[in-house]
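Biologist: Hi, I'm new to this one. Could you put it up and walk me through it?

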Amino acid sequence: MEATTKKVAATEQSNDYEFSAVPQDKRKSYFSLTIVWTGYVFVITSMMIGGGLAAGLNFLDIILVTILGNVFLGVIATLVSIISSKHGLSFALITKYSFGTNGSRIASFFVPAVNLGWYIIQAATYGHFLALIFGFGDVGEAICMVLSAIAMGIFAFCGMRAITILGYVSIPAIVFLSLATAIRAGQIAGGWEGLMAFVPSAPITIGAGVTAVIGTWILSASTCIADIMRYARSTKEAVASALTGLLLGNSLMVICGAVAAIAVNDSDLTNVLLTMGLLIPSIILMTTNIFTTNAANLYSNSLNFSNSFHMERKKMIVIILVIAAALTLFKPYKIDFLFSFLDTLGNVVPPLPGILIADYFIVKKQVFPSLETYEFRKWNPAAFLTWAVALALSFVLPGLPAIISLVSSIILFPIFELLFHRKKA
């Protein structure tokens with residue numbers, strides 16, 4: 001008890017609230033939240049996904065899968081945002097109610113472990129980009145990737161206030177440059193007629209396209225968003241902010257990336273920007289874009305790892321940065337690796353928010369007992385069984401795996417929870 005009290009006190013002093021709920025007097029406005037969340041969503045990886053979709057779908061189909069994917073993500077983000085904003089809890093703390101105290105450590109370890117992959121991909125992409133521009137070669141690229149991973153961690157180390165300031169500076173530049181890039185690319189492609197006439201070189205199905213879009217943000221829309229929306233003054237502002245970032249922000253980035261790729265017939269966004277002769281704009285776009293996302297990404301990771309290892313957030317960030325910097329040397333920016341990673345996320349992650357959503361809205365009837373006084377279970381086998389069965393069903397049943405695993409987890413968890421509860425009784 002004494003150790004927990006000390007951790008809570010340290011957290012409140014640094015305003016990070018790793019181990020407690022965010023107080024009402026520390027909550028933020030819709031605009032402030034949207035700056036942080038949109039900065040998170042405005043990521044160069046979404047443009048890369050747009051470029052990848054352009055290799056397999058025509059332009060109208062790209063628009064369709066982008067809308068369908070982001071609507072799906074928006075539903076999940078809305079439900080998770082309601083939970084986190086109403087109670088002021090991070091994702092890691094929410095999992096305690098569904099998985100138990102020990103089970104929460106696994107759930108809150110799995111998410112940042114996978115999310116760390118995003119951080120590494122984006123840091124490596126930025127380092128690769130700088131090396132191409134300045135002709136640094138392999139050794140120079142390695143140095144750029146390592147330094148990128150470390151530099152992006154500075155804002156996360158400083159906390160939510162630093163990330164918000166970064167968003168205020170970066171968001172206008174990202175919006176302007178993304179639109180300017182898409183407009184310039186559209187002109188090169190021959191305008192609307194040219195985009196409509198585009199024929200993909202390696203066709204894929206609509207389902208595969210939707211899964212790729214969902215995979216882009218399924219992890220953040222179902223987990224990391226809680227770490228931001230816990231600061232919301234009301235559930236209404238949290239939901240509005242979440243939907244603004246996904247339906248507008250993420251859709252914009254995916255479509256802009258697709259238009260740029262169609263224009264120069266290349267899915268590698270770094271090559272696309274350089275081929276279009278947008279040297280200075282591309283440097284600004286890549287820098288603001290990746291830094292805003294990776295700063296928020298690492299901040300969320302540090303909260304989850306703090307729960308798993310019971311370590312203060314800033315110490316956790318230092319350890320994460322050392323690991324991330326080393327792993328960038330494996331060059332994970334390559335597009336084939338990215339799509340394999342997204343495929344995995346699109347299948348494995350959805351049961352997790354499904355369990356939290358079912359537990360809160362169905363089992364607990366939208367009421368969480370006090371975090372400080374509630375006697376948590378150490379383990380909840382119903383949660384892990386749900387995760388395993390929902391994942392298995394996503395590979396067996398026809399349709400989109402992400403939707404199957406999410407919906408099945410929402411249905412299965414209350415059933416398993418009831419069965420285990422009766423067995424215990």
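Biologist: Which residues make the nonpolar surface patch?
Modeller: Ile67, Val71, Val75, Leu247 and Leu248 make a patch of about 440 Å². Patch members have over 30% relative accessible area and no salt bridge, with nonpolar side chains joined within 5 Å. This is a predicted model: local features need pLDDT of at least 70, side-chain atom pairs count only at pLDDT 80 or more, and totals for chains, interfaces and linings use all residues. Residues are numbered from 1 along each chain, and side-chain values use heavy atoms, without hydrogens or water.

Biologist: Which helix gives the largest share of the patch?
Modeller: Helix 4, with three residues. Helices here are DSSP runs (H or I, at least four residues), numbered from the N terminus.

Biologist: And where does Leu247 sit?
Modeller: Leu247 is in helix 11.

Biologist: New topic: is helix 2 mostly covered or open?
Modeller: Mostly covered, as ten of its twelve residues are buried (under 20% relative accessible area). Among them are Trp37 and Tyr40. The cover includes helix 3, helix 6 and helix 8.

Biologist: How many salt bridges are there?
Modeller: The search finds four, each a side-chain nitrogen of Lys or Arg within 4 Å of a carboxyl oxygen of Asp or Glu. One of them joins Glu417 and Arg377 at 3.2 Å, N to O.

Biologist: Why does that pair tie together parts that are apart in sequence?
Modeller: Because Glu417 lies in helix 18 and Arg377 in the loop between helix 16 and helix 17, the pair ties together parts 40 residues apart in sequence.

Biologist: Is Glu417 buried or exposed?
Modeller: Glu417 is buried, with a relative accessible area of 11%.

Key. Patch = residues over 30% accessible without salt bridge, like charges linked within 9 Å, V, L, I, M, F, W, Y side chains within 5 Å. Areas by Shrake-Rupley, 256 points an atom, 1.4 Å probe, with all protein chains shown as cover. Helix = DSSP H or I, 4+ residues; strand = E, 2+ residues; numbered from the N terminus. Buried < 20%, exposed > 50% of the residue type's maximum accessible area, 1.4 Å probe, protein only. Contact = heavy atoms within 4.5 Å.
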